[in-house]
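Have a look at the structure first, then try each task before you read its solution.

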Amino acid sequence: MVKVKSLADLKKIKSELQSKMELREKSENPEKSVQVKVAMATCGIASGAKQVMDFLIEEFEKRGIEAIVTQTGCMGYCYAEPTIEVTVPGKDPLVFGYVNIKKADEIIEKYIKNGELVEGIIPVNYETIEK
Amino acid sequence: MHLLVCGGTGCRASESSAILDNLKSVLEENNLENEVQVVKTGCFGFCEKGPIVKVLPDNTFYTQVKPEDAKEIVNEHIIKGRKVNRLLYLNPESKEHVSDSKHMGFYKKQIRIALRNCGFINPENIDEYISRDGYEALAKCITEMTPAQVIDVIKRSGLRGRGGAGFPTGLKWEIASKSVADQKYVVCNADEGDPGAFMDRSVLEGDPHSVIEAMAICGYSIGASKGLVYIRAEYPLAIERLKIAIGQAREYGLLGEKILGTDFAFDLELRYGAGAFVCGEETALIHSMEGLRGEPTVKPPFPAERGYLGKPSNVNNVETFANIPVIINKGPEWFSSIGTEKSKGTKVFALAGKINNVGLIEVPMGTTLREIIFEIGGGIKDGKKFKAVQTGGPSGGCLTEKHLDTPIDYDNLIASGSMMGSGGMIVMDEDDCMVSIAKYYLDFTVEESCGKCTPCRVGNKRLYETLDKICHGNGTMEDLDKLRNLSNVIRDTSLCGLGQTSPNPVLSTLDNFYHEYLAHVKDHKCPAGQCKALMQYTINPEACVGCTACARVCPVNAISGERKKPHFIDTTVCIKCGACFEKCKFDAIYIN
């Protein structure tokens, strides 16, 4: 691994990473590349987030959907765990709560494939520091 | 087009399901069901003005919608493209209708600073942290600023310790920086011990790099090359993520020797705690890290003078550290523009108890309890009545309805008889007995007292016994005075923060719920029906049909009676298990 040796280095890495992530979003098949974040803090894992994440990874592959599934920390909606955030390119990210395997299946079939919304959306209710 | 209908508990209670059905049927009447989709969502967090209907993609936000409004929304908004003005949110100050939720003041209630990356980045990937300005603050500090300048920035930001006591962080760093020694330490206190609190765990699980970066910044400022994270072993996931993060930071050269090409060296180690509450106190924490018993010692000397292994040590809480990189990046003026006069920035709270939206929130200092509980938290479960909110864990107190509009900051909470604590917030409803609540917390402190000083070891035990006596209906008026006097003594004479604050739950419930204590002592009644010893199950002979279900379920055969005739409970035999109460299908059994 390349060591970060100066502030300039760090900034270079940062801009590279940012463009990489940008690329991830605007990949060559924008209608296919979906990003899913699974909230995997203690609260999420206790409610079954791991199984949901495994399910998502397997099913995307089986159903031929190009998608990136990553884990993240607690989104704060502990009452509705497991929660996942789905970003379909060109659309705002959406957070879904109470995602069990059945719900995950519904989200893939209805929302990701057809753009239909499914129940259980959690509206964003906070501001981030970027604004 | 999409119509989002709030399906949160609050909105459901005001008929949001009927709105959903009506919208669907009106759309069908107009043959629009294929073009417009109606979806039930989770809580919008704006329960005060519920039910909410949101229209996508134009983000129109309708408030206080009634089932009969469905027709108008479809006819006007969907078909004719005109917004239904009377259902838009009315800005209370400008008296103007606001159609887009992004411009509503409500959504400014939560600002995520410490939680900025939680639930956003992959905590096990340092690249994602770097792409969100990660380690830029550290780079800026060690390449462009002197330690004194960094401390000055933190001082000017007004940041105060998020662990509970609220000591100014910049001042703490300054004291540690002035101590002269060959070795100094930066310590992160991740011994989150309040029942119901999980803020620090979430930060470490969701954004471990922010804590690592901040500890390195602190190390640079005070002249320490070593950092220690004291974390409880009950947080295995947080430990794992921290270890991964430390490993990645070392690989990138952001921990270790010659960081970013400078002469600054800093590295981190983990120390595991066994989960003793007292080890959140900084001197006890340090002793525990040294391998000694987790007992506090008298301050001074403060850890900043003589801490871990006798060397100057700076101890900060996880959330305090999580704020540091942002302050460096965005400037102290930006940070101090948020919050109240003496408490700057935001505070993370873990909402728990009888509240609809249990979860993790971050609000600017100065937000009121009402906003937190009824708007962000979605109100009380099952539509019950709010009774009290316990802040600050076993060291805090119970606040009541009259405190709901007090802006929350360090000083206001102390003035109301509670304290900020680490940020646990437990909401109670009308079914909670405040004497039992006080007893519960005393039970906790008795268990967790290290036993070193007498007021805490013996005094808390006596407090607990007196509360237990009252809960059993054997309390006297003298006991109530004794509770207060003893509480004051414990508070004034205990060695450390644990004992000095442990009587708070007793004192605050005595102040705010004296009538409940009186009911227990004088009338031998528990108004909330929680104290078993004061309860009595009785069968209403007029409602009882004599089905014998209660008699069959009673484990001690306290219920007698003939088939098809009213039954009777022998209260001398009854153990008040409540089994009959649950079994009765005719609501014939009631609690006195």
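**Exercise 1: Domains of chain B**

Which domains does the domain assignment of chain B give?

Before we start, two notes: this is a predicted model, in which local features need pLDDT of at least 70, side-chain atom pairs count only at pLDDT 80 or more, and totals for chains, interfaces and linings use all residues. Residues are numbered from 1 along each chain as its sequence is written, while chains are lettered from A and ligands numbered from 1 in the order in which they are written.

Step 1. Domain bounds come from an automatic or database domain assignment. For chain B the assignment lists domain 1 (2-108), domain 2 (126-333), domain 3 (346-429), domain 4 (434-521) and domain 5 (536-591).

Step 2. Now take domain 2 and domain 4 of chain B, whose C-alpha centres lie 35 Å apart. Their contact takes ten residues from domain 2 of chain B and eight residues from domain 4 of chain B. Two residues are in contact if their C-beta atoms, placed from the backbone, lie within 7 Å.

Step 3. Sort the residues on the domain 2 side of chain B that touches domain 4 of chain B: seven are nonpolar, one is polar and two are charged. Here Ala, Val, Leu, Ile, Met, Phe, Trp, Tyr, Cys and Pro count as nonpolar, Asp, Glu, Lys and Arg as charged, and the others, Gly among them, as polar.

**Exercise 2: Chain A and its contact with chain B**

Describe how chain A is built, then find which of its helices gives the most to the side that touches chain B.

Step 1. Chain A has four helices and six strands, and along the sequence they follow the pattern α-β-α-α-β-β-β-α-β-β. Helices (H or I, at least four residues) and strands (E, at least two) are DSSP runs, numbered from the N terminus.

Step 2. Chain A is divided into domain 1 (1-26) and domain 2 (31-122), and 27 Å separate the centres of these two domains of chain A, taken over C-alpha atoms.

Step 3. Turn to the partner chain: the contact takes 41 residues from chain A and 50 residues from chain B. On the chain A side, helix 1 of chain A gives the most, with seven residues. The residues of this side of chain A divide into 23 nonpolar, twelve polar and six charged.

Step 4. Two strands pair if DSSP finds at least two bridges between them. A:Glu127 stands opposite B:Ile111 in strand 7 of chain B.

**Exercise 3: Two sheets in chain B**

Give the strand order of the four-strand sheet and of the five-strand sheet.

Step 1. The open sheet of four strands in chain B has the order 10-9-8-11, and its pairing is parallel. Strand 10 (267-273) and strand 11 (313-317) of chain B each have a single partner strand, so one side of each is left without a neighbour in the sheet.

Step 2. Strand 9 (residues 226-232) of chain B is joined to strand 10 of chain B by seven bridges, and B:Arg232 stands opposite B:Gly273 in strand 10 of chain B.

Step 3. The open sheet of five strands in chain B has the order 13-12-16-14-15, with mixed pairing. Strand 13 (359-364) and strand 15 (397-400) of chain B stand at its edges.

Step 4. Strand 14 (residues 386-391) and strand 16 (residues 424-429) of chain B pair in the antiparallel sense over five bridges. B:Thr391 stands opposite B:Met425 in strand 16 of chain B.

**Exercise 4: A helix and a glycine**

Step 1. A residue is buried if 20 or more other C-beta atoms, placed from the backbone, lie within 10 Å of its own, exposed if 12 or fewer, and partly exposed in between. Among the buried residues of helix 2 of chain B are B:Ile19, B:Leu20 and B:Leu23.

Step 2. B:Gly166 lies in the loop between helix 6 (147-157) and helix 7 (169-178) of chain B.
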